[in-house]
Amino acid sequence: MLSTAKANRDQPSGGKPRYFVHLDGLRCLAISLVMIEHFGGPLAQYFSAGYYGVDLFFVLSGFLITSILLKSQGDFGAAYKTFMGRRTLRIFPVYYLALAVLFVCNFASTRDDILWLGSYTWNYACAMREGENWLFYLWSLSVEEQFYLFWPFVVLTLRGKPQMLLVLTVSLVCISYSQLVYNIFPALTAYNYTGLINRMGSLGLGALGAIGFIGGWIPRRLLMNRMIELLTWALLVWALVSQTNYRLPVMGICSLILVLKGVNGDYTIPMVPAALAHPATVFVGRISYGIYVYHWPLGLALNEYVFDPLWLSIDFSALGPLAKLRWHSWLIKLPLYYAAVVAVAYLSYRYFESPLLGLKDRWFPGDQRKPAFAVEGASG
């Protein structure tokens, strides 16, 4: 297993950037919800598991990407090149490997849609598709890549003007959530689920968290308040089971609070930090990107060639009280597929991704000096 870091407060403040162990725990939570959505059978009918899982990933991305950009040094060109180079080595290899395998195997509409998929514009194409779309899940990766291309121009241009960056980010968040809740731009309504502008609310909330965290503008006493944490979890539960569009900004705000508390190590409910920092949880979180990329086609392959043939061959009438299990195959599928996908993602991480990630510091060395507008004594 991948080794885990000690608690966040034990990380050194100099040298390499601090490793926030709880953020990997939140990644584990996010990918687990996606797995429940796709393989959890009736569980997915009772709450917005998949939607929130992806939304939590977006808040995490907004926070981490903005933090990286604010900490970058040098002129715009050098900072942008370093950022994009490191992101490319992290994101492209697994994605294009998966596309290549799906293309060779003629999976679903991969060959017909390869230009959309390969250019990271699939989020707009798939939103207009009617009927069954087995490649739909890849839309979120297009949103992420578009964010990586667009957001550095904003942050690197305004990194010396934090107030202006803050106002712009708040404006984008308000516009995005206004579109999701009220459909203020009818032309964008078709893309409310998959569009970059439409989903900029959660990405922007993460960015706001980074701006406030690095600038030292977030009072730590608020993050350490147990009542706020209890209220956050309560509101999140409500948002997960609610059907109103007002749940969408509530999900994003709750995720932002959880991310900020994770960065500070300020969870006050004892079981929460223990669960998020558990070695198994952190392990899954570290390889969650690979799990997301591989999970759906691997699950469909297991359905067709392994699980369903075996399941249908069982004589459930001879199992007595367990005969009802015939109609609840998801109880076996979910943990089985979870384990299988984690195994594949780990092998990918260990033997394919890690060697390439090792090139980041050699080809695109990052600068970890003080951010442009850091405040002395900033929390965290």
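Which residue follows H11, and is its phi positive or negative?

A: Gly265 follows H11, and its phi is positive, near 70°. This is a predicted model, where local features need pLDDT of at least 70, side-chain atom pairs count only at pLDDT 80 or more, and totals for chains, interfaces and linings use all residues. Numbering runs from 1 along each chain as its sequence is written, and side-chain values use heavy atoms, without hydrogens or water.

Start with the helix itself. H11 (a DSSP run of H or I, at least four residues) has 18 residues. H11 is mostly covered: 16 of its 18 residues are buried (under 20% relative accessible area, 1.4 Å probe, protein chains only; exposed is over 50%, partly exposed in between).

Now step back along the chain. The loop between H10 (226–241) and H11 (247–264) holds Ser242. Ser242 has 10% relative accessibility, so it counts as buried. A polar atom of its side chain lies 3.2 Å from the backbone nitrogen of Thr244. Ser242 also touches Arg247 and Ser48, leaving aside residues up to four places away in sequence (contact means heavy atoms within 4.5 Å).

Next comes the H1 and H2 pair. H2 covers residues 49–71. H1 spans residues 21–39, with 19 residues. From first C-alpha to last, H1 reaches 27 Å, close to the 27 Å expected. H1 is mostly covered as well, with 15 of its 19 residues buried. Gly41 follows H1, with a positive phi near 55°.

How do H1 and H2 pack? Their axes come within 7 Å and cross at roughly 150° (lines fitted to C-alpha atoms over the stretch in contact; angles run from 0 to 180 degrees between N-to-C directions). H1 is therefore roughly antiparallel to H2 (over 145 degrees; under 35 is roughly parallel, 65 to 115 roughly perpendicular, the rest oblique). The crossing is left-handed (the near helix is turned anticlockwise from the far one by less than a right angle). On the H1 side, the residues that meet H2 include Leu23, Leu26, Ala30, Leu33 and Glu37. Their partners in H2 include Ala49, Tyr52, Leu56, Phe57 and Leu60.

Conventions:
Helix = DSSP H or I, 4+ residues; strand = E, 2+ residues; numbered from the N terminus. Expected span 1.5 Å × (residues − 1). Polar contact = N/O pair within 3.5 Å; in protein donor to acceptor, adjacent residues only side chain to side chain.
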